[in-house]
Amino acid sequence: MSAVPQERRLVTAIPGPKSQELQARRTATVAGGVGSVLPVFTTRAGGGIVEDVDGNRLIDFGSGIAVTSVGASAEAVVRRASAQLQDFTHTCFMVTPYEGYVEVCEQLAELTPGDHAKKSALFNSGAEAVENAVKIARAYTRRQAVVVFDHGYHGRTNLTMALTAKNMPYKHGFGPFAPEIYRVPVAYGYRWPTGAENAGAEASAQAIDMINKQIGAENVAAIIIEPVLGEGGFIEPAKGFLPAISQFATDNGIVFVADEIQSGFCRTGQWFACEDEGVVPDLITTAKGIAGGLPLAAVTGRAEIMDAPHAGGLGGTYGGNPVACAAALGAIETMKELDLNGKAKRIEEVMKGRLAAMAEKHDVIGDIRGRGAMIAVELVESGTRDGAKTPDAAAAAALAKACHQEGLLVLTCGTYGNVLRFLPPLVIGEDLLNEGLDIIENAFAGI
Ligand SMILES: *Cc1c(COP(=O)(O)O)cnc(C)c1O
C-alpha cells in the first residue's frame, strides 16, 4: 500500500505558511474561475491521507471527488502505469492501437450490468463521455431530444452544461446552451411534497407524462440519469423510479443512459449503482473511479447501439491513453483483490450508524442518505426538520470549514448548497474513518 503514514497530523494552521505562499503564486497566475475547496498544496497522498507542503496530514473524505477509490497511490496503479510510461506514452489509438485499450473495454463489458453483447469507446473526461453517449444515441435512434432530470449534473462542456440542472456555478453567464434538452422531475424522497413513500410512483408518472405531452416520446433519443445523483446532493431516486423510467425508455425505443461517472466502480458497494434495483442501462458512462486518478472515461453499452455511428465518427487524440488504460487495469485489479464493494458497504454501516447518533442530538441534520462510501447529510435550519425543511447552506459551509481546520477533508454539494458529502477512498482504514467521524461530531457540537 501507500508509503504515506496513515495517521492525521497537524503541525501548522490549515492552510499553513507554505501553502499560503503557493496560494499567492497561484492567485497571480491561475485563472480565478478555477476554484479549490481547500487551498492546502499536496505533496503526497495515499490510502486515506493527503499530505501537504507544510507537513500536515489530512484525513481524506473526498477522494478528489470520488476518483481515488483505490487510494491516490495504489500499488497496482503505480506499477502498471509506470511500466507503461517506460514502454510508450502515446500513439493515438486512432493511429496505431494497443492492447491496454482493448483490455479496458473487455473489463467494462464484463463488469457492467447485463449479459448482452457490449462494446465501449474510451475518452478523457466524464463530460466527454456524456457528450459521446448523446452522439451515439442520436446516431442510433435518428432522433434529437435528450431528457434529463432536476438536480442532475453531467459536466461543464457546452452540451453537458445544458444537461446540468444547477445554474450557479456551472452555467451562469456561459450560455447560450445546446438545444433539444428537456428537464423532468426526479424522485427526491426527502423533499417530495406528498412524502418519500409516494415519490417513486408520482415522480415517474409526472416525468413520463411530461415526456409524452411536451416532447413526444418518439422524438427522444436518450434519457440520461445518475442512478445516485452526485453534485445535486447525493439523491437516491426513491425506489421504483429508475425501473419505471428505464421500462418507459425500452417501450418507446429511447436509449436509457446511466451516468455512473460518480456512482460507479464500487463507490456505492456495487460495481454500478443501477444494479441496486436490477436496472440494465442501454448505455453507461464511467470516469472518476475508473483509473485510480488518471484521466479516463468510457461509454459502454449494447453493441448494436455503440456501433451505430459511422467509422471515424467517434474518437479524440488522447481518448484511452495507454498510461490511463494501464492505470485503469491496476485500479480494477485492486477493486477485485481487496473486495472494495465489501469495503464500501462496511463504510456505509460505520458512517450511517455514527451519523444517526449525531442526528438525534442535532436537528440541523434533516436527512442522512446515500449508499456505500457515497454518504451525505442534508442540513436544514434548526426547528424546520419535520416541517419546512428550510435548506441551511451556511451550516454546511461552517461544518466543512470546521472539519478542514481539524484536518478532515470534506466536500459540500446539493442544489441548495446544504449537503455535506463524504466520499472516502474505499481503502481507508477503519480507525481513520472513525477519527474523521469524531471530527464531524465535534463540528456539529460547535455550530
Ligand atoms: C463529475 C461528473 C461528470 C463530469 O465529469 P468530468 O470528468 O468532470 O468531466 C459527469 N457526470 C457526473 C455524474 C459526474 O459526477
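Me: How many salt bridges does the structure hold, and what makes a pair count as one?

Reply: The structure holds 24 salt bridges. A pair counts when a side-chain nitrogen of Lys or Arg is within 4 Å of a carboxyl oxygen of Asp or Glu. Keep in mind that this is a predicted model, where local features need pLDDT of at least 70, side-chain atom pairs count only at pLDDT 80 or more, and totals for chains, interfaces and linings use all residues. Residues are numbered from 1 along each chain as its sequence is written, and side-chain values use heavy atoms, with hydrogens and water left out.

Me: Why is the pair of Glu51 and Arg44 called a salt bridge?

Reply: The closest N and O atoms of Glu51 and Arg44 are 3.1 Å apart, and the limit is 4 Å, so the pair counts.

Me: What makes Lys336 and Glu110 a salt bridge between distant parts of the chain?

Reply: Their closest N and O atoms are 3.4 Å apart. Lys336 is in helix 10 (residues 322-337) and Glu110 is in helix 4 (residues 99-111), 226 residues apart. Helices here are DSSP runs of H or I with at least four residues, strands are runs of E with at least two, and both are numbered from the N terminus.

Me: Which salt bridges does Arg371 make?

Reply: One is with Glu236, at 2.9 Å from N to O. Another is with Asp276, where the closest N and O atoms are 3.5 Å apart. Arg371 sits in strand 11, while Asp276 is in the loop between strand 8 (255-259) and strand 9 (283-286), 95 residues apart. Arg371 has 11% relative accessibility, so Arg371 counts as buried, and Asp276 has 34%, so Asp276 counts as partly exposed.

Me: Which residues are linked in a network of salt bridges?

Reply: Glu75, Arg79, Arg80 and Glu333 are.

Me: How do you know where domain 1 and domain 2 are?

Reply: The domain assignment gives domain 1 (17-73 + 339-445) and domain 2 (77-337). Such bounds come from an automatic or database domain assignment. The C-alpha centres of the two domains lie 25 Å apart.

Me: How do you know that domain 1 and domain 2 are in contact?

Reply: Contact means heavy atoms within 4.5 Å. On that rule, 43 residues of domain 1 are in contact with 37 residues of domain 2. Across this interface there are four salt bridges.

Me: What is the area that domain 1 and domain 2 bury between them?

Reply: They bury about 3,100 Å², 53% of it on carbon and sulfur atoms. Asn341, Arg371 and Met374 supply 26% of the area that domain 1 buries against domain 2, more than any other three residues. Buried area is the accessible area (1.4 Å probe) that two parts lose on being put together, summed over both.

Definitions and conventions: Buried < 20%, exposed > 50% of the residue type's maximum accessible area, 1.4 Å probe, protein only.
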